[in-house]
Amino acid sequence: MAQRNRRGFSVRTFLASGRPEGLSLIEHSQWIGRGLVIPRHELDKHLKRGEFRGTGIYILAGINPQTGCERIGIGQIGNLRDELEDVRGAGYWSRMLVFAADGPRLHRDHVDYIESRMIDMAREVKGAELDNDNEVDAPKLYEADEADAEHFIERLVTMLPALGVTAFEAAPPKPSSTPTLRISGNGAVGDGYEARGRFVISGGSTATRSDQGGLPGYVRDLRESLLTRGVLVEEGKQLKFAVSCSVPSAAVGASLMLAGKPDADAWKPHSNSGRGPTGRDAGDTDDRRAPTVEVKPLKAAKAQPAGATEDDDD
């Protein structure tokens with residue numbers, strides 16, 4: 001499905017406590033839902049709010065202290081009370097984002113569908129670690145119900161980066177004014193660039209498989225995370241970046257690539273017209289951003305819910 005032209009929208013944030021580190025109420029100008037951003041230490045204080053009695057999704061958001069990667073967990077508001085013990089036991093998250101539909105617009109099948117789709121999206125983009133090991137099958141919905149669920153997802157996903165959650169976005173593209181850098185050694189070769197205060201290793205780059213000495217523990221943990229998520233994949237005697245990957249700094253990127261000590265100076269200017277090690281573009285310019293997850297196109301065939309028969313169409 002071709003990406004649709006995006007229209008502008010506004011995200012309104014109300015600091016309910018008068019403090020940026022406290023509860024925030026979120027509204028989207030083109031969305032039927034309501035959002036909350038709750039700091040971890042205030043969760044119990046706000047569990048009686050009306051949003052927790054509605055239908056919708058919650059996202060646990062934070063940083064894995066071992067790898068330095070963004071980590072999220074996705075769940076349903078209606079299941080939260082049964083999951084509170086597990087939620088409290090998850091040490092990585094610092095904020096809970098809650099997104100509830102206004103009124104009785106969504107039923108349980110809608111929310112099952114939304115949860116399943118968002119987990120699949122996060123796995124596909126590989127932009128963050130995902131704290132969801134379970135497989136959630138999306139229920140079959142009538143076309144109108146599926147369209148409502150996809151609308152809810154699209155608005156939610158486009159709003160998340162403004163709230164500091166980038167798990168559903170690809171690595172940032174290369175700004176036109178930023179030079180492409182190249183690294184090679186120990187059998188590895190790849191391109192990278194700086195963007196949005198981080199360093200991006202271009203997809204198609206290869207990395208040394210075995211520790212060459214001096215590989216820090218946190219970079220080793222980061223490597224394992226990237227392998228688990230499918231960002232790094234095995235290819236012969238090397239590892240390969242299946243997609244572009246954002247890391248904290250050029251030094252960390254060098255350590256990942258060469259399996260050795262962090263060394264930002266290992267990256268050298270590269271003048272091959274922005275072409276990556278595989279011959280493709282190392283990064284797009286800002287006005288050609290890599291698309292994020294799009295709304296799934298509706299299938300031509302009708303999907304009937306459990307218990308429905310063909311005679312029901314008569």
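Colleague: Why are α3 and α4 called oblique to each other?

Modeller: This is a predicted model, in which local features need pLDDT of at least 70 and side-chain atom pairs count only at pLDDT 80 or more, while totals for chains, interfaces and linings use all residues. Residues are numbered from 1 along each chain as its sequence is written, and side-chain values use heavy atoms, leaving out hydrogens and water. The axes of helix α3 (residues 108-125) and α4 come within 10 Å and cross at roughly 45°, the axes being lines fitted to C-alpha atoms over the stretch in contact, with angles from 0 to 180 degrees between N-to-C directions. Angles under 35 degrees count as roughly parallel, over 145 as roughly antiparallel, 65 to 115 as roughly perpendicular and the rest as oblique, and α3 and α4 are therefore oblique.

Colleague: Which residues of α3 and α4 meet?

Modeller: With contact meaning heavy atoms within 4.5 Å, His110, Tyr113, Ile114, Arg117, Met118 and Met121 in α3 meet residues of α4 including Asp145, Glu146, Phe152 and Leu156. By class, this contact of α3 with α4 has nine nonpolar, one polar and five charged residues. The crossing of α3 and α4 is right-handed.

Colleague: How do you know how α5 lies relative to α6?

Modeller: Helix α5 (residues 217-229) and helix α6 (residues 250-258) have axes that come within 10 Å and cross at roughly 70°. That value makes α5 roughly perpendicular to α6. On the α5 side, Tyr218, Val219, Leu222, Arg223 and Leu226 meet Val252, Ser255, Leu256 and Met257 in α6. The residues of this contact of α5 with α6 divide into seven nonpolar, one polar and one charged.

Colleague: What makes β1 and β7 edge strands?

Modeller: The open sheet has seven strands in the order β1-β2-β3-β6-β4-β5-β7, with mixed pairing. β1 (11-15) and β7 (129-130) stand at the edges with a single partner strand each, so one side of each is left without a neighbour in the sheet.

Colleague: How do you know that β1 pairs with β2?

Modeller: Two strands pair if DSSP finds at least two bridges between them, and five bridges join β1 to strand β2 (residues 24-28), the two running antiparallel. Within that pairing, Leu15 stands opposite Ser24 in β2. Helix α4 (residues 143-159) packs on the sheet and touches β1, β2, β4 and β6, with its direction at about 145° to that of β6.

Colleague: How many bridges join β8 to β9, and how many join β8 to β15?

Modeller: Five bridges join strand β8 (residues 181-185) to strand β9 (residues 188-195), and two join β8 to β15, both pairs running antiparallel. β8 and β9 form a hairpin with two residues between them, and Asn186 in the turn has a positive phi of about 55°. Gly185 has Ala188 in β9 as its bridge partner, while Leu181 stands opposite Pro269 in β15.

Colleague: Why is the aromatic pair of Phe199 and Trp267 called tilted?

Modeller: A search of the whole structure finds one aromatic pair. Phe199 and Trp267 form this pair at 4.7 Å centre to centre, with 55° between the planes. Rings of Phe, Tyr and Trp (its six-membered ring) pair if their centres lie within 6.5 Å, and planes under 30 degrees apart count as stacked, over 60 as edge-to-face and the rest as tilted, so Phe199 and Trp267 are a tilted pair. The pair links distant parts of the chain, with Phe199 in strand β10 (residues 198-201) and Trp267 in the loop between α6 and β15 (268-269), 68 residues apart.

Conventions:
Helices (H or I, at least four residues) and strands (E, at least two) are DSSP runs, numbered from the N terminus. Ala, Val, Leu, Ile, Met, Phe, Trp, Tyr, Cys and Pro count as nonpolar, Asp, Glu, Lys and Arg as charged, and the others, Gly among them, as polar. A crossing is left-handed if the near helix is turned anticlockwise from the far one by less than a right angle, and right-handed if clockwise.
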